[in-house]
Protein chains: 2
Amino acid sequence: MALDNRKKEVLQAIVDDYVATCEPVGSKALIDRHDFMVSSATLRNDMAELEQMGYLEKPHTSAGRIPSDKGYREYVDSLMKVDHLSDEEGREIKEKLSMSFDEIAGLLKAASSTLADQTGYISLAMTPKLTSSYLTQLKMLMIEPGKVLVVVVLSAGVVKNRMVRIPDFLTQEQIAQISNAVEQGLSGLPLSEISLITVATAAKDNQKVELPESLLNQVLYEAYTAIKQADNLDVYMQGKHRMLSLPEFSDTKKAQGLFDTLSHDGLVAGYVDEVTKQDEKKEYMIRIGQEITLEGLDNCSFITTTYNVGGKVAGNIGVIGPKRMEYSKVISQINFVRMMLDEKLNQP
Amino acid sequence: MALDNRKKEVLQAIVDDYVATCEPVGSKALIDRHDFMVSSATLRNDMAELEQMGYLEKPHTSAGRIPSDKGYREYVDSLMKVDHLSDEEGREIKEKLSMSFDEIAGLLKAASSTLADQTGYISLAMTPKLTSSYLTQLKMLMIEPGKVLVVVVLSAGVVKNRMVRIPDFLTQEQIAQISNAVEQGLSGLPLSEISLITVATAAKDNQKVELPESLLNQVLYEAYTAIKQADNLDVYMQGKHRMLSLPEFSDTKKAQGLFDTLSHDGLVAGYVDEVTKQDEKKEYMIRIGQEITLEGLDNCSFITTTYNVGGKVAGNIGVIGPKRMEYSKVISQINFVRMMLDEKLNQP
DNA sequence: TTTAGCACTCTATCTTCTCGAGTGCTAAAC
DNA sequence: GTTTAGCACTCGAGAAGATAGAGTGCTAAA
């Protein structure tokens with residue numbers, strides 16, 4: 001049975017009210033706050049049906065209704081009104097992101113912090129997925145005998161560095177030569193195609209110094225791990241503690257469950273990745289309550305979207321908030337930040 | 001009036017019990033749990049006196065006593081028994097820190113995480129104070145035209161890098177020359193003595209390429225900001241959300257106040273710095289309750305100590321927990337981690 | 001100085017009670 | 001068929017009262 005128009009309006013109104021107050025919504029309160037041209041008894045009938053269909057729930061017999069996960073889902077998919085950011089808000093976001101960031105990490109941190117401030121929820125920004133990007137530079141800098149800083153630069157604008165140990169007696173020149181050889185052999189190659197073997201052949205094809213094989217291999221192995229490590233996603237998350245002021249997390253146990261999960265960057269990043277694949281064609285990936293397979297987030301909703309670098313799908317930004325979230329507002333905020341990122345990351 | 005021996009024992013026992021249970025301690029409970037050779041009435045008299053002297057407090061008339069800040073202070077300064085880490089614990093800490101870390105940042109992160117795990121409280125690890133360290137290397141790597149990565153290496157083993165923008169048309173060679181000139185001129189110089197002027201004279205004295213003055217200045221300015229930025233302390237903090245399971249933070253408002261303050265790295269770092277100066281000669285800096293001048297930490301205690309790099313006082317590690325903290329245990333844990341850090345940072 | 005004894009205090013907890021928002025159902029009205 | 005008024009019923013939140021018990025301070029004796 002499909003929802004008739006009035007039922008849609010009722011559901012929408014209930015979600016709106018519940019989001020605003022965090023209190024179960026009753027038929028009378030609904031009449032008071034909205035211009036339904038029918039009586040409360042009629043709404044009661046509609047609400048009973050909506051409940052039977054699974055869109056609403058009752059915390060207990062004689063309370064008002066709250067939206068179920070299915071109810072929120074319907075709301076998000078087809079009921080909510082598109083929200084337009086006020087000029088004021090747009091200006092604020094723009095301002096926070098208008099500084100020039102010379103590294104993508106700085107920009108993402110700023111994006112995450114802006115998003116947390118604007119939404120009041122938990123924000124998330126992840127570095128680009130690097131499997132599709134390629135190596136543009138690799139430099140090895142001798143810091144002191146035996147210690148080399150490997151700097152890896154990727155096409156997506158990501159710069160990572162890692163300190164590695166090498167045998168003490170290798171000279172700056174030898175390292176530089178190896179570094180140049182590897183760089184020449186690998187630059188332009190997608191990260192996914194770089195393996196220990198490709199690193200080794202690249203070096204050996206281009207190398208001009210003679211070094212004992214085993215020694216060379218040792219250095220190459222370190223270079224390889226540095227490159228591979230550049231592949232790691234970094235996750236910037238902010239605004240966690242804001243959740244404590246929400247009534248749904250006034251029980252510290254619930255908050256703790258949430259924070260426990262969120263403290264594992266890898267878990268969250270993996271989940272975002274999975275969701276992004278599932279909803280490949282969608283502009284926003286939205287997961288509500290039980291739909292989220294991360295522990296402790298069943299009272300939350302999770303909205304993410306992707307930003308681009310060089311025309312390719314790159315990384316994700318998103319927001320985690322209570323199920324009772326101002327969906328349309330948050331979506332427009334995320335969208336605005338996304339647009340800003342796209343603009344900044346793709347300008348000449 | 002000084003504390004006689006029995007009063008000291010009573011205070012000690014009360015602190016121990018309160019730490020263990022988080023419930024006000026009464027005279028009867030005290031008799032039950034400890035082998036005082038006197039009656040509860042005698043203890044009541046002692047407790048009344050201790051209260052009058054300010055070492056104990058009553059939450060309300062007919063409850064037991066809890067230690068006041070002054071009581072904790074006395075306990076920490078002269079009553080508590082030194083705790084020795086069990087072999088098991090020592091082994092665990094050692095294991096977690098035994099990986100080789102090639103950069104100090106990695107080691108500190110691991111130290112912070114170990115400390116949080118072991119104590120169950122909030123842990124803190126700060127990068128070395130760099131004012132007393134000197135520049136050992138400065139490299140400028142051209143990443144793409146107009147973008148240069150400045151790598152700064154300091155004597156304390158700290159490596160920092162920062163991307164800066166320069167005019168597009170400068171070549172790799174020109175940058176390398178400037179970079180070499182600056183490095184030669186500045187290496188060995190304490191950070192505190194490096195100013196825009198010293199950078200400029202260093203470059204000009206050693207420079208072999210001819211570049212228009214204004215252009216050169218622009219590059220030098222960027223180099224200078226990169227060096228100055230290397231001076232920033234990084235703060236690694238972990239285990240925040242563990243505080244939520246403590247009864248003293250079951251009220252989310254209190255937890256929020258705490259988290260709000262802790263989310264400002266700078267505040268915490270500044271406070272640690274101040275305290276370190278105050279207690280210059282002490283092995284541990286301990287601040288209890290109201291002694292802490294950071295907002296929201298009046299229910300906490302704060303214990304820090306310093307680790308060394310190259311024989312000099314360097315950075316801080318520490319723990320923030322409830323006032324009702326297992327002081328001696330925490331101190332021995334911090335101490336163990338500190339020794340591990342010293343060992344790792346000063347080995348050849 | 002210590003102790004036994006006792007009256008007193010105050011919180012935490014449990015029960016009971018009431019209030020009121022909200023419900024579902026029925027029968028009449030549209 | 002849909003909508004509405006009316007009404008009995010439900011159930012949680014919160015107030016009010018009662019009770020228990022851990023703890024106290026004080027007094028007087030050991």
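Mentor: Copies of a chain are superposed by least squares on the C-alpha atoms of residues with pLDDT of at least 70 in both. The structure is a predicted model, in which local features need pLDDT of at least 70, side-chain atom pairs count only at pLDDT 80 or more, and totals for chains, interfaces and linings use all residues; side-chain values use heavy atoms, with hydrogens and water left out. Residues are numbered from 1 along each chain as its sequence is written, while chains are lettered from A and ligands numbered from 1 in the order in which they are written.

Trainee: What relation superposes chain A on chain B?

Mentor: A rotation of 180° does so, with 0.0 Å of shift along its axis and an RMSD of 0.1 Å. This is therefore the relation of a two-fold axis. Within chain A, A:T252 has the C-alpha nearest that axis, at 3.4 Å.

Trainee: How do you know through which surface the copies meet?

Mentor: Of the interface residues of chain A, 100% are also interface residues in chain B, so the copies meet through the same surface.

Trainee: Why are β4 and β6 of chain B said to stand at the edges?

Mentor: Chain B has an open sheet of three strands, ordered β4-β5-β6, and its pairing is antiparallel. Strands here are DSSP runs of E with at least two residues, and helices are runs of H or I with at least four, numbered from the N terminus. Two strands pair if DSSP finds at least two bridges between them. β4 (135-144) and β6 (159-165) of chain B each have a single partner strand, so one side of each has no neighbour in the sheet. Ignoring direction, neighbouring strands are turned by 20° against each other on average.

Trainee: How do you know that β4(B) and β5 of chain B are paired?

Mentor: Eight bridges join β4(B) to β5 (residues 147-154) of chain B, and the definition asks for at least two, so they pair. Opposite B:K147 in β5(B) stands B:E144.

Trainee: Which strands of this sheet does helix α9 of chain B touch?

Mentor: Helix α9 (residues 213-229) of chain B touches β4, β5 and β6 of chain B, and its direction makes about 150° with that of β6(B). Contact means heavy atoms within 4.5 Å. Angles run from 0 to 180 degrees between N-to-C directions, with axes fitted to C-alpha atoms, for helices over the stretch in contact.

Trainee: What makes α5(B) oblique to α12(B)?

Mentor: Helix α5 (residues 87-96) and helix α12 (residues 327-346) of chain B pack at about 40°, their axes 10 Å apart. Under 35 degrees counts as roughly parallel, 65 to 115 as roughly perpendicular, over 145 as roughly antiparallel, and the rest as oblique. α5(B) is therefore oblique to α12(B). Among the residues that meet are B:I93 in α5(B) and B:F336 in α12(B).

Trainee: Why is α8(B) also called oblique to α9(B)?

Mentor: Helix α8 (residues 196-206) of chain B packs with α9(B) at about 125°, and the axes lie 9 Å apart. That angle makes α8(B) oblique to α9(B). The residues that meet include B:L196 and B:K204 in α8(B), and B:L216 and B:N217 in α9(B).

Trainee: How is the contact of α8(B) with α9(B) divided by class?

Mentor: The contact has nine nonpolar, one polar and two charged residues. Nonpolar covers Ala, Val, Leu, Ile, Met, Phe, Trp, Tyr, Cys and Pro; charged covers Asp, Glu, Lys and Arg; the others, Gly among them, are polar.
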